[in-house]
2 protein chains.
Amino acid sequence: MNSYPALAPIQAMITEVEARMCAQGEDCHPDLRAALEHLLSSGGKRIRPTLVLLVGRMLGAPHDKLITLGAAVEMLHTATLVHDDLIDGSLLRRGIPTLNARWSPAATVLTGDFIFARAAKLAAETENVTLMQWFAETLAVIVNGELTQMFTSRGLISRENYYKRIFSKTASLFEMCARAAAKVSPADDETVESMRRFGHKIGMAFQIVDDILDFTGDQATVGKPLGSDLLQGLVTLPALYYIETHPNDPDVHLLRDGGWGNRERMERLIESIRGSDSIQRSMQEARDYIEDALEILASCPPSPERDSLEQLSRYIIDRQV
Amino acid sequence: MNSYPALAPIQAMITEVEARMCAQGEDCHPDLRAALEHLLSSGGKRIRPTLVLLVGRMLGAPHDKLITLGAAVEMLHTATLVHDDLIDGSLLRRGIPTLNARWSPAATVLTGDFIFARAAKLAAETENVTLMQWFAETLAVIVNGELTQMFTSRGLISRENYYKRIFSKTASLFEMCARAAAKVSPADDETVESMRRFGHKIGMAFQIVDDILDFTGDQATVGKPLGSDLLQGLVTLPALYYIETHPNDPDVHLLRDGGWGNRERMERLIESIRGSDSIQRSMQEARDYIEDALEILASCPPSPERDSLEQLSRYIIDRQV
């Protein structure tokens, strides 16, 4: 697992979360258990459980409920990844073979379903009805977002559409993590709401940075070609800024006309975007979200967990991959 | 929708359940909404919501909770069918094109996920934590059962294995319907438990009869060839009884050796099973389950709903398709 400063104070709790996740494979068919272990051991930054644990500890939530909730959100996230990789036909994630690289589509669909079921069971074990409703609603938002993206013609989209898409894809779950952790704490409604906003801000920033790294990241580490989103016709914030400021670039015209399949021209467009100020403008937008998030934190009483949440927020814009 | 006597007293409530299900498509992408409407209008006997409504009314559950729960269980069932049809590559269900006959696998996977999410949201709206836990657990049992069936080599299985399989596939959800309806009623734990057993019994009978109808049903109505399970290497109760009583039939030997792909020999075996007493022995087993179910009902105070549950139980063994 990648490590980052915010993680250090709760490393032991993250290990408990991982054990809780692995335990979901008990009493299952051995092949399913092995698949679960493979998926859960494939690493990832555990950024969603980290958010749950830090917010919950800051607000005095019971230890056990946080472990359960942390496992529930990471399982939900894992289930969506399993189905996403199947849909995209991805064979690698984080440099490790995906489930569908080794299994039939049928087994992959069902394994994703099983992980959904276990995530829902863990969420139910928090014994908090509101949290269950948020959990189910978040899953619906994520899936509806993916379907909308699938049904929407690729190529040109508006920035408004982009923000909706990254909310569905990423910020909705970050928001849920933070508000759910607050909900199982002895916190008032106002605090729950400000934690929801905190989760939303860092979630939006997280996805914008991910979209920037698709243009600027170290290819070997990302494991995808530079600008892979655009090569698939997926227009993200750096491309949107470039399109707005370079309406007459012939490659932009081509993109508008559905020409993202023209690899040579799109590679040239990717280089143009990389060399433009669109990357910096996008980064500034992510920084603005993080500034808002830090402002929300500033209104919380000082605590080691608040410090870690600040570190987590800064890590989101500073990370390289 | 197919009609049957037990349904009459609650027909209006079933209409409410269907409206509640359709409402889950509001605020979605129009294509997803259209897909949901297509799926939900494709009929089916609504036997699971019927079970929920009758048990709940018999025990005095609040009207609104029953409508919500009825919609939740039918959505859960629908979601599993969407993924099943995708996995099997089925193009028709109840004579109507399946989603995957018209949509890409990707859209079909996500639509199933969306319906799971909405089912979970409806379950959460009952505001009953225990019920949520049962709901999530049932989904896990169904999916684990399907995966186990997928991983287990086809052909010869034991009767014990068969009972486990039909519990996962069918009886687990019937059980959940009946106990959940009791749980949202002002009923004591003993009643909840006896309703669970009632649901279990009629669920086991339901699947056994389904498996018999695969051998004896009207082909035009079933829309599948006679013995389609066996042609796919899926050994059900009538085949198991035949195998037990005809260990030396060469076609049985072939089946043992993985020969279910030999269409001619398997068609002969299907005819042998149809002509044997295995059908009647299987039917007797289904009747025994229904007798147990009726006995459980007999210990409930008389009511119109109890009468309807008796009719429902008898319908399960008397139905033709």
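This is a predicted model: local features need pLDDT of at least 70, side-chain atom pairs count only at pLDDT 80 or more; totals for chains, interfaces and linings use all residues.

Reply: The same surface serves both copies: 100% of the contact residues of chain A recur in chain B.

Residues are numbered from 1 along each chain as its sequence is written, while chains are lettered from A and ligands numbered from 1 in the order in which they are written.

Now the contact itself. Chain A gives 36 residues and chain B gives 36 residues; two residues are in contact if their C-beta atoms, placed from the backbone, lie within 7 Å. On the side of chain A that touches chain B, the elements giving two or more residues are α2 (30-41), α4 (63-88), α6 (105-125) and α7 (129-151) of chain A. Helices are DSSP runs of H or I, at least four residues, and strands are runs of E, at least two, numbered from the N terminus. By class, that side has 23 nonpolar, five polar and eight charged residues. Ala, Val, Leu, Ile, Met, Phe, Trp, Tyr, Cys and Pro count as nonpolar, Asp, Glu, Lys and Arg as charged, and the others, Gly among them, as polar.

Take α4(A) from that list. Its 26 residues should span 38 Å at 1.5 Å a residue, and its end C-alpha atoms are 37 Å apart, which agrees. The expected span is 1.5 Å times one less than the number of residues. In α4(A), 22 of the 26 residues are buried, so the helix is largely enclosed by the rest of the structure. Buried means that 20 or more other C-beta atoms lie within 10 Å of a residue's own, with C-beta atoms placed from the backbone. Just after α4(A), A:Gly89 takes a positive phi of about 70°.

Behind the contact stands the whole chain. Chain A has 16 helices and two strands. Of its 321 residues, 51% count as buried. The C-alpha atoms of chain A fill a box of roughly 60 × 50 × 30 Å, taken along the principal axes.

Key:
A residue is buried if 20 or more other C-beta atoms lie within 10 Å of its own, exposed if 12 or fewer, and partly exposed in between; C-beta atoms are placed from the backbone.
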